[in-house]
Amino acid sequence: MERPVNYTSPTEPTFQQNMPVRRILIACIGNIFLGDDGFGVEVARRLISRKTKRYPEGVQVVDFGIRGIDLAYTLLDDYDALVLVDTVSRGGSPGTLYLIEPDYAGIDPEKGVEAGRAAMEAHSMDPLKVLTFARTLGAQPIHTFLVGCEPAPLNESEEHAAMQMGLSEPVRASIDEAVKMIDSLVDTLLAIKM
């Protein structure tokens, strides 16, 4: 699931062939060994493997896992919008979905070296630090959204609490709704005039 996938619908009207292609990156991130942190990875799997709805040319779904450096370099390409898919702890009930427009106006490219080190962290990825590092590399600011899911707390009583495979039931139950949320967001972004 590490390869980018472009979806093209055979039923797209021909008039759209003359329109500029809107480029949208759906960047799914997470660590499958940390319980609900694998939310973004599972959403990517669903988007990539489904047979019913296909995204048009220019919409790319990528499972970045914990590869922050790969995401930073991918952001050097000319995308019109970025949709991050990840867990977000905001104090809600596990499985609660959020659509957030992060304010990255304060990203300081001068902190890029520090952010680059953080982006190379082997076990996690901090999207803000990855975006800061990408700006240091020369990536242009783009309209960014975060589709986030409230994770359940890791079960600290287990012997290997740091390594928990699989999503909790509330987070697993939110996957279908997250996919619908992303589809709606993509449709809205594709309808915006350039």
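## Ground rules

Buried here means under 20% relative accessible area, exposed means over 50%, and partly exposed lies in between (1.4 Å probe, protein chains only). Asp 183, at 11%, is therefore buried.

This is a predicted model, in which local features need pLDDT of at least 70 and side-chain atom pairs count only at pLDDT 80 or more, while totals for chains, interfaces and linings use all residues. Residues are numbered from 1 along each chain as its sequence is written, and side-chain values use heavy atoms, with hydrogens and water left out.

## Helix H6

Let's start with H6, residues 175–191. Helices are DSSP runs of H or I with at least four residues, strands are E runs of at least two, and both are numbered from the N terminus.

The buried residues of H6 are Ile 175, Ala 178, Val 179, Ile 182, Asp 183, Leu 185, Val 186 and Leu 189. Down the axis of H6 they fall within an arc of 165°, so they line one face of the helix; the arc is that of the directions from the helix axis to the C-beta atoms. The face turned away from this buried side carries the exposed residues Lys 180 and Ala 191.

The structure holds 7 salt bridges, each a side-chain nitrogen of Lys or Arg within 4 Å of a carboxyl oxygen of Asp or Glu. One of them pairs Arg 46 with Asp 176, with closest N and O atoms 2.7 Å apart. Arg 46 lies in helix H1 and Asp 176 in H6, so this pair ties together parts 130 residues apart in sequence.

Arg 50 and Asp 183 also meet in a salt bridge (2.7 Å, N to O). Arg 50 sits in the loop between H1 and strand S3, and the two partners are 133 residues apart. Arg 50 is buried too, at 13%. Lys 53 bridges to Asp 187 at 3.4 Å, linking that loop between H1 and S3 to H6 across 134 residues. Here Lys 53 is partly exposed at 27%, and Asp 187 is partly exposed at 41%. Shared partners join Glu 42, Arg 45, Arg 46 and Asp 176 into one network.

## Cysteines

How many disulfides does the structure hold? There are 0, counting a disulfide as a pair of cysteine sulfur atoms within 2.5 Å. Cys 28 is buried at 0% relative accessible area, and Cys 149 is buried at 0%.

Note on methods: The expected span of a helix is 1.5 Å times one less than its number of residues.
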